[in-house]
Amino acid sequence: MMVPKILILGAGYGGLMTMVHLQRELSYNEAEITLVNKHDYHYITTHLHEPAAGTAHHERIKIDIKELIDEKKVNFIEGIVKEIKPDQNLVLLEDGQELSYDYLVIALGSEPETFGIKGLREHALSIRNIDSVRMIKEHIEYMFSKYNNEPDCEECLTFVVGGAGFTGIEFVGELADRIPALCEEFDVDPGKVKIINIEASPSALPGFDQELVRYAIDLLEKKGVTFLVNTAIKECTDQGVILANGDEIKAGTVIWTGGVRGNSLIETSGFETKRGRAKVDDFLRPPGHENIFIIGDCSLIFNEEGRPYPPTAQIATQQGENCGKNLTAQIRGGKLIPFIPHIRGTVASLGRGEAVGVVGKRKLFGFTAYVMKKVIDHRYLYMIGGIPLVLKKGKF
Ligand code: FAD
């Protein structure tokens, strides 16, 4: 008897969780499972702001995929997906491989959303993956050394961060922590360094509880961050940014954290999308494709008020688990379970030993929130790799 082929694209939060569930639940002869990912490692995206600022080494947040896989059950391919052909049940990789499937899971994550702002793609850096954060760290250090050689270059020490959502706030918290060490290393007056966080919405951390936002802003301002809220960026140039009111901020570094859209392969594969994210049914399947599941940042799901849920690791992980259960059910002839997100809470780091967040109905501030963030991180490591991974990659 032919065993069904399950193909999982992407080993981020969603894809990995699907794989972990399937390899735990299915026996060797129930399915042929293949996982494809651009790199041979998974990275903890929710911590990318740390190596970006240089407060942690990038190796710390990398996990070798082979360590998580039972190679007797899952075939791993390091490769880049070039094209998805849903009508032919086929996926093409950049190296020319053609992969056929009976069931497909698309978990290819996101890309920066530029909202059509001129020059952002060309001149701004973004916190996306290990390679991009290595470049940000090196660029920051280069700007310090450039200033030492060109003392008139005040913009060398101006760091603009576009977007004061989760990623922007977490990054400026880390960067502010790194500045004293950089100033000492490069013998630069800390008073010359400017970190400017620009947000188009009326408040930083849009949608977050106002008391928590106030705590975050007060703390980050004390660390030296300047916030410009209600301020839209009109253009990004090789000199810095131009604001909607026409003012220019000269900066040697612009980092864009203003939003994400689904991986462009979703659109180019012909799925119905909004901001690059595929519309899916209650079981996370795009309309008309009962053998395809689209999860994580690639999918669009709505809350009870009809508003889209923001893309988060929390939702991607839960979707991965749901998808794993539904694939198991489909193979064994069981009943599919609709996906219902359980939002347990959200915690944003503000740098060393500090965070803000809500868990259940409880607001958390400072060190308590920071400890909660560690608990969330360790729980995720435990889910994908058990105690050995917590001991290896956990931060205590
Ligand atoms: P990802 O985890 O991005 O995984 C996608 C995978 O697909 C990657 O391994 C990628 O290499 C691979 N891939 C992409 N394209 C291809 C291709 N063409 N071929 C092969 N492989 C490919 N969320 C929270 O819930 N809490 C937080 O505190 C939080 N903090 C964040 C902080 C930062 C700095 C950032 C950037 C994000 C944060 N998020 C947070 C959001 C969260 O990280 C994402 O929502 C989550 O990673 C989405 O999971 P995913 O599986 O959809 O995609």
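Domain bounds here come from an automatic or database domain assignment. That assignment gives domain 1 (5-38 + 79-112 + 260-342) and domain 2 (120-256). The model is predicted: local features need pLDDT of at least 70, side-chain atom pairs count only at pLDDT 80 or more, and totals for chains, interfaces and linings use all residues. Residues are numbered from 1 along each chain as its sequence is written, and side-chain values use heavy atoms, without hydrogens and water.

**Domains and cores**
- The centres of domain 1 and domain 2, taken over C-alpha atoms, are 34 Å apart.
- The largest nonpolar core holds 106 residues. Such a core is a set of buried (under 20% relative accessible area, 1.4 Å probe, protein chains only) Ala, Val, Leu, Ile, Met, Phe, Trp, Tyr and Cys residues joined through side-chain atoms within 4.5 Å.
- L9, L35, I106, F144 and F171 have the most contacts inside this core.
- Helix α6 (residues 166-186) supplies the largest share of this core, nine residues.
- Both domain 1 and domain 2 give residues to this core, so it lies between them.
- A second, separate core has 14 residues, including A124, I196, I233 and C236.

**Around L35**
- Leaving out residues up to four places away in sequence, L35 touches (heavy atoms within 4.5 Å) residues including I8, L16, I65, V74 and F76.

**Helix pair α1 and α9**
- Helix α1 (residues 13-25) packs on helix α9 (residues 313-332) at about 35 degrees, with axes 7 Å apart.
- Helices are DSSP runs (H or I, at least four residues), numbered from the N terminus.
- Axes are lines fitted to C-alpha atoms over the stretch in contact, and angles run from 0 to 180 degrees between N-to-C directions.
- The crossing of α1 and α9 is right-handed, with the near helix turned clockwise from the far one by less than a right angle.
- Among the contact residues are Y13, M17 and L22 of α1 and A316, G320 and L327 of α9.

Conventions: Helices (H or I, at least four residues) and strands (E, at least two) are DSSP runs, numbered from the N terminus. Buried means under 20% relative accessible area, exposed over 50%, partly exposed in between (1.4 Å probe, protein chains only).
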